[in-house]
Amino acid sequence: MRSGTGLFSGRPSELIGRQVAGYRIESEIGRGGMAVVYRAHDLRLGRTVALKLLAPELARNDTFRRRFIHESQVAASLDHPHIVPVFEAGETDGVLYIAMRYVSGSDLRHLLDVRGPLPPSDAVRIAAQVASALDAAHEHGLVHRDVKPGNILVAEGTDSDHPEYVYLTDFGLTKKSLSLTGFTSVGQFVGTLDYVSPEQISGRPVDGRCDVYGLSCVVYETLTGRPPFQRDDDMALLWAHQYDEPPPPSEARPGLAPAVDPVFATALAKSPDARHDTCLAFVAALRAALTAAPAPPRTDPEPDAPTPARPAPPRPPDWAAPAFGPDRDRSGPDRP
Ligand SMILES: Nc1ncnc2c1ncn2[C@@H]1O[C@H](COP(=O)(O)OP(=O)(O)OP(=O)(O)O)[C@@H](O)[C@H]1O
Ligand SMILES: [Mg+2]
């Protein structure tokens, strides 16, 4: 056990302007269940990075530490255009950190909160980029386990044919998977359970098809404005993932072609064997369903003119900017 008097006590503002390893912390970008992400300046290379600092209580857990270090090494070894590159991972003053490419833009969680469901063509474009990243990871034997809108970073694209450029982040660094596999003592779930697969919940072995499930939950929400299962409490939600049938997305979002329903029925199957083998196979099936079948006459909101599904939560100032166009930082690193 380490003392709590180190560099980082968990209050993020105390670190602004300070140096952690070779990085000067500039501002907080966001925080999740286990870490705080800062924009920071790499003093050695003179570039902007995203610096993720793990919560001190997790850094004190030896099992977690070993796993974190292992996972950051695996994540750093992944070289894919749609996976956020990890520059360095290490420890300083008892704080575990990861330095990675700073992605200037937004994340899909924020986009969905602000815009509501996206037009199907946008949803498929985003899904295809995430799917290619996931399938590449699976080929290296790595399962993400926490595919969710907050881990999908959306930057401005290159042209009108590629309006956005998508990065997947946080491979294996999930408190949820740690909880679900007994790594934390109390078994509490931190974060969302909206995208967790049945086999993760029941503690069965997971492979890439758990990410097919997670991705299809994310795409379901991207198209309909809500995840496949919504329940009043965590236990009911876990039960639903394991035993309930999701509402067909064409019912959840009038105007969506019913041809997409069997695609989601497959991707969200309780048994991994019944799902698509790969994430790209799921996206290909979805694309085919959307292009082959015309949508029925619309009765209610026009899918290409989404309405916000829920009020946008407050964000740090540099996240308040629109996802694309002039945004929080034009001086960030270039995309590949
Ligand atoms: N490389 C990056 N560049 C820019 N912003 C990032 C980067 N990585 C993460 N972020 C932002 O920081 C926020 C916090 O990330 P973090 O991974 O800690 O939380 P989360 O994904 O919301 O939840 P969880 O703890 O379950 O992963 C994210 O919502 C994301 O928008
Ligand atoms: Mg994350």
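Colleague: In the protein chain, what share of contacts between residues at least 6 apart in sequence join residues at least 24 apart?

Modeller: A contact here means heavy atoms within 4.5 Å. In this chain, 67% of the contacts between residues at least 6 apart join partners at least 24 apart. Keep in mind that this is a predicted model: local features need pLDDT of at least 70, side-chain atom pairs count only at pLDDT 80 or more, and totals for chains, interfaces and linings use all residues. Residues are numbered from 1 along each chain as its sequence is written, chains are lettered from A and ligands numbered from 1 in the order in which they are written, and side-chain values use heavy atoms, without hydrogens and water.

Colleague: How many helices and strands does the chain have, and what percentage of its residues count as buried?

Modeller: Elements are DSSP runs numbered from the N terminus: helices are H or I with at least four residues, strands E with at least two. The chain has 11 helices and 9 strands. Of its 336 residues, 53% count as buried (under 20% relative accessible area; exposed is over 50%, partly exposed in between, with a 1.4 Å probe and protein chains only). The accessible surface is about 14600 Å², and 52% of that belongs to carbon and sulfur atoms (Shrake-Rupley method, 1.4 Å probe; for residues, only the protein chains shown count as cover).

Colleague: Now the sheet. In what order do its 6 strands come?

Modeller: Strands of a sheet pair through backbone hydrogen bonds, either parallel or antiparallel. Two strands count as paired if DSSP finds at least two bridges between them. Here the order is 1-2-3-4-6-5, in an open, antiparallel sheet. Strand 1 (19–20) and strand 5 (86–92) are the edges; each has a single partner strand, so one side of each has no neighbour in the sheet. Further in, strand 3 (residues 35–42) and strand 4 (residues 47–54) share 8 bridges, and Val37 has Lys52 of strand 4 as its bridge partner.

Colleague: Which strands does helix 2 lie across?

Modeller: Strand 4, strand 5 and strand 6 (95–101). Helix 2 spans residues 62–77 and runs at about 15° to strand 6 (axes are lines fitted to C-alpha atoms, for helices over the stretch in contact; angles run from 0 to 180 degrees between N-to-C directions).

Colleague: On to ligand 1. Which residues are closest to it?

Modeller: Lys52, Arg101, Asp107, Lys148 and Asp170 are the closest of the 24 residues that surround ligand 1 (a residue counts if one of its heavy atoms lies within 4 Å). For polar contacts, look for N or O pairs within 3.5 Å; within protein, one atom must be able to donate a hydrogen and the other to accept it, and residues adjacent in sequence count only if both atoms are side-chain atoms. Lys52, the partner of Val37, has a side-chain N or O atom 2.7 Å from a ligand oxygen. For Lys148, the side-chain distance to a ligand oxygen is 2.4 Å. A polar backbone atom of Val103 sits 2.9 Å from a ligand nitrogen. Alone, ligand 1 exposes 600 Å², and the protein buries 92% of that. Strand 2 (23–31), strand 3, strand 4 and strand 6 each give two or more residues to the shell; strand 2 has the largest share, with 3.

Colleague: Which residues of helix 3 are buried?

Modeller: Leu108, Arg109, His110, Leu111, Leu112 and Asp113. That is 6 of the 8 residues of helix 3 (residues 108–115), so the helix is largely enclosed by the rest of the structure. Its cover includes strand 7 (105–107), helix 4 (120–139), strand 8 (152–159) and helix 7 (208–224). Asp107 caps the N-terminal end, with a side-chain oxygen 3.1 Å from the backbone nitrogen of Arg109. Asp107 also stands opposite Leu153 in strand 8, where strand 7 and strand 8 pair antiparallel over 3 bridges. Strand 8 in turn makes a hairpin with strand 9, with 2 residues between them.

Colleague: Last one, backbone angles. Where does Asp93 lie, and is it buried or exposed?

Modeller: Most residues other than glycine have a negative phi, and most peptide bonds are trans. Asp93 has a positive phi of about 50°; it lies in the loop between strand 5 and strand 6 and is exposed, at 57% relative accessibility. Arg145 also has a positive phi, near 80°, in the loop between helix 4 and strand 8, and counts as partly exposed at 22%.
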